[in-house]
Amino acid sequence: MTRTAIVIGAGFGGLALAIRLQSAGVATTIVEARDKPGGRAYHWVRDGFTFDAGPTVITDPPCLQDLWALSGQDMEADVDLMPVMPFYRLNWPDGTNFDYSNDEAALRAEIAKLHPADVDGYDRFLTYSRGVYEQGYVKLGAVAFLDFASMIKAAPALMKYQAWRSVYSIVSSYVQDERLRQALSFHTLLVGGNPMTTSSIYALIHTIEKDGGVWFARGGTNALVNAMVRLFERLGGTLRLGDPVTAIETAGDRATGVTTQNGWRGDADMIACNGDLMHSYKDLLAHPRAKKVAKGLARKRWSPSLFVVHFGVKGDYPDLAHHSILFGPRYKGLLDDIYGGVVPDDFSLYLHHPSITDPGMAPPGHSTFYALAPVAHLGKAKAEWDGDFGARFADAILDEVERRVAPGLRANLVTRFHYTPADFGRDLSAHLGSAFSLEPVLWQSAWFRAHNRDDAISNLYFVGAGTHPGAGIPGVVGSAKATAALMLESG
C-alpha cells in the first residue's frame, strides 16, 4: 500500500519535505493557507516590479540540487541560479565600504585596508569556521535530535569549539578592528540571532558562503519556490492553495488528518507542520498535550521581527551592490535595543537590490529594492506598526538609504509599500510577529529546539525554522532532510 502524508504549509521547509516524501513514493498533499506558495518567501508584483518578501540570500545550492537528484532530475532545468558578487557590500557611517566575497585576493585586500594585522587573524578564524562547519552542518545539520542522549553525543564537539561563547566573542578573539568584527559576525541576524548571544557554532555560515557562494534565482526567490512546486507536482504531489488548516485531528496518540477553513478534510498516515510552532500547537492541534506544549513555547525566547520597505524607482543604480549592509552608528547598543524591546531612532539596514543582477525584476530603466530593519517582536515592542508610526518609520528608513548610498532616491520613487511585524503575525500566524521562529541561542538549539517529531504523537512531525537546525534556506532544507528520514523510517 502507498503511504500518505499531509504537509501543512508550502514554505521552503514544507516544499523540500514534500519533495522528499513524494520522491520516495509517499502520496503527499501540501495544504497552504495563502494564495501563493513560499511561506516567508512570498512575493508581490506591483507596477511592473517584482518584490520578494525574502529570503533573498541563497547559499549552499547542493542542498537544493539534492531535491531534484532524488528522482534523477536536474535543478538547472527548472531554475537559473545566478552568482552574486560581491556577496555583500558593507558600509559604515564614516563612508567606509568593505566588499565581502570569496575572492581570496580581493577579500584579503579589503581586510588589509581596514587593519593589516587582521589578515592573519582572519586565517585563524577561517580555520575555526571550517571546523564548526564540519561538526555542526555536515555531520549534524540534517540529523534529528529526538532525545537528550543524542545531544550528549554531540557535546564534545560543541565543547571543543566553545559553543557557549557568542559569534561576536569568537570573532573578536581573532580580529581587532571593530568594523571587521561586525563584518564577520552580522550573518546571525539573517537567521534571527543576536551576534552578541548566538552560539559561536553559527560561525559556520562563513564557510557555507565561502565554499558554496551566494546566489540569486533569475526572476527572484519566488522563481526557486515555483521550481520546487513544479518538481513536486511532476512527481505526482498535490498542492492546495488558499485554504488554511483549522484543525489537526487526532485519535489517541495518533494524528489522523486535517480540516480546513473551506471544509476540506484530508486523512493521512502522517502529518507534518511547516507552519508556526505556537500556532500549530495552540490553535490547530486537537490533543490534550497541545496546551502544555504551547505554554512551554510561550516561555521560550523568540527571534525578533522585521520591518521591510519595498520600493521601485526610476533609473539604474550601478554603484549599489545586490546586497548591502548599512551599519548604523551603534552595533551592540542597537542589538540591545532590538532584542530588548526598544524601537530605536537609528538603524542597521540590509538593502536588497535584485535588479542589478536580474534587470527583469524591474521595468526597463527602473530598479527594484527593499530595505530591511530588524525590530523587536510584538511581545516586546508595542509600536503602532499599522498606523502613523509605521508610515513614519518607513519614511525614516528611506531617508537613511537616500542619505547613505542613494542621493535623490525619494524623487525617483515610482511605487512603495512596507511590511511590518503585525503583517508577519496576520499573514503567517507567526507568534509575536517573529520573523525567524525561536531565537537561535545555545539552549534553544539541537535537542533543545522543537523536535522534528512530536514526543507523544508518533506520526506528527515538524519542519522549518523552529526545528533543528534553524532558519535560513540551508537550515530549513536541512530540517526537511532530517524530518523526511524519520517519516520514511516509520514503517
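Predicted model: local features only at pLDDT ≥ 70, side-chain atom pairs only at ≥ 80, totals over all residues.
Let me start with helix α11, which runs over residues 289–298 and in which A290, V293, A294, G296 and L297 are buried. These residues cover an arc of only 160° around the axis, and that is why they come to lie on the same side of α11. If you now turn to the other side of α11, you find K291, K292 and K295, which by the cut-off I gave are exposed. As for what lies over the buried residues of α11, the cover includes α10, residues 277–284.

Now to the sheet, which is an open one made of five strands in the order β10-β2-β1-β14-β20, with parallel pairing. The edges are taken by β10, at 238–240, and β20, at 460–462, and because each of them has a single partner strand, one side of each is left without a neighbour in the sheet. From one strand to the next, the twist averages 20°.

Within this sheet, I would like to look at one pair in particular: strand β1, residues 4–8, is joined to strand β2, residues 27–31, by five bridges in the parallel sense. In that pair, V7 stands opposite I30 of β2. Finally, helix α9, residues 221–234, packs on the sheet, where it touches both β2 and β10, and its direction makes about 130° with that of β10.

Note on methods. Residues numbered from 1 in each chain as written. Heavy atoms only, no water. Pairing = 2+ DSSP bridges. Helix = DSSP H or I, 4+ residues; strand = E, 2+ residues; numbered from the N terminus. Axes fitted to C-alpha atoms, helices over the stretch in contact; angles between N-to-C directions. Contact = heavy atoms within 4.5 Å. Buried < 20%, exposed > 50% of the residue type's maximum accessible area, 1.4 Å probe, protein only. Arc of directions from axis to C-beta.
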